Amino acid sequence: MTALHTSEPISGNGGMGTTVTGCGGPAALDAAVRAVTETLRSSTGTPRRIRVRCGEASIEVDWRSGDGDAAPTASHAAATPVAEPAAATGHVLTAPLVGTFYRAPEPGARPFVEVGDQVVVGQQVGIVEAMKLMNPLEADHAGRVTEILVGDAEPVEYGQPLLRVEPDGEQE
């Protein structure tokens, strides 16, 4: 069981600290992310710094002075699209892990796919970088790319929709 402890704002720097206990292994980072969300949700103002530690995992978020209004909050995070819209059709390719999504093999290079491109099963359509490892993202359905749901170099969560592919010959 994970226990969440949130400290009061740190005097002088407007930061908040959170200690998550009872976690370890692969669940540590997930627990740390939940702790950041809970810390933001319970905050009465906009913090300047948040630090979360859970075993070996830690997350630290700093906002520059004067940027307090632009700081992300739990309500902004909830507004991030993580589920496909009800009216959309086709197969949605989702992030296989938490990381950074890249549309091209390197900066300035042509993207792997664009809207309107035909893809085949096994074709590389992007990269998800996690802990400095480049994980190829391959199409698991053949069809035409109808929508790219995440921008280049944007952070993604496990299971987050990345691309929508309309299958060849029939609609899902």
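How many bridges join β6 to β8, and in which sense do the two strands run? I counted three bridges, and the strands run antiparallel. Pairing here requires at least two bridges found by DSSP between two strands. Strands are DSSP runs of E with at least two residues, numbered from the N terminus.

**Ground rules.** I am working on a predicted model, in which local features need pLDDT of at least 70, side-chain atom pairs count only at pLDDT 80 or more, and totals for chains, interfaces and linings use all residues. Residues are numbered from 1 along each chain as its sequence is written, and side-chain values use heavy atoms, with hydrogens and water left out.

**Entry on β6.** I looked up F101 and found V128 as its bridge partner in β8. Strand β6 (residues 99-102) is also joined to strand β11 (residues 154-156), by three bridges in the antiparallel sense. There T100 stands opposite P155 of β11.

**Entry on the open sheet.** I traced an open sheet of four strands in the order β5-β12-β10-β7, with antiparallel pairing. Its edge strands are β5 and β7, each of which pairs on one side only. I then went through the pairs. β10 and β12 are joined by five bridges, and V145 stands opposite V165 in β12. Strand β7 (residues 118-119) pairs with strand β10 (residues 143-148) over two bridges. Q118 faces R144 in that pair, and V119 faces G143.

**Entry on the nonpolar core.** For this I took buried Ala, Val, Leu, Ile, Met, Phe, Trp, Tyr and Cys residues joined through side-chain atoms within 4.5 Å. Buried means under 20% relative accessible area, exposed over 50%, and partly exposed in between, with a 1.4 Å probe and protein chains only. The largest such core has 15 residues, and F101, V119, V125, V156 and L162 have the most contacts inside it. β8 and β12 are the elements that give two or more residues to this core. The largest share, three residues, comes from β12. I noted the general rule that in soluble globular proteins nonpolar side chains tend to be buried together.

I also listed the contacts of V125 (heavy atoms within 4.5 Å). Leaving aside neighbours within four places in sequence, V125 touches L93, F112, V113, V119, L137, E138, A139 and L163.

**Entry on the cavity.** A cavity is a set of points on a 1 Å grid over the protein atoms alone where a 1.4 Å probe fits but cannot get out; lining residues have an atom within 4 Å of a point. The lining consists of H91, L93, V119, V125, A139, D140, H141, L163 and V165. β5 (91-94) and β12 (161-167) each supply at least two of the lining residues. By class I recorded six nonpolar, two polar and one charged; Ala, Val, Leu, Ile, Met, Phe, Trp, Tyr, Cys and Pro count as nonpolar, Asp, Glu, Lys and Arg as charged, and the others, Gly among them, as polar.

**Entry on the β8-β9 loop.** Most residues other than glycine have a negative phi. M131, in the loop between β8 (124-130) and β9 (133-138), has a positive phi near 50 degrees. M131 counts as exposed because its relative accessibility is 78%. K132 lies in the loop between β8 and β9 and has a positive phi of about 70 degrees. At 72% relative accessibility, K132 is exposed.

How values were computed: 1 Å grid on protein atoms, 1.4 Å probe; cavity = no way out; pocket = protein on both sides within 12 Å on 5 of 7 lines; lining within 4 Å.
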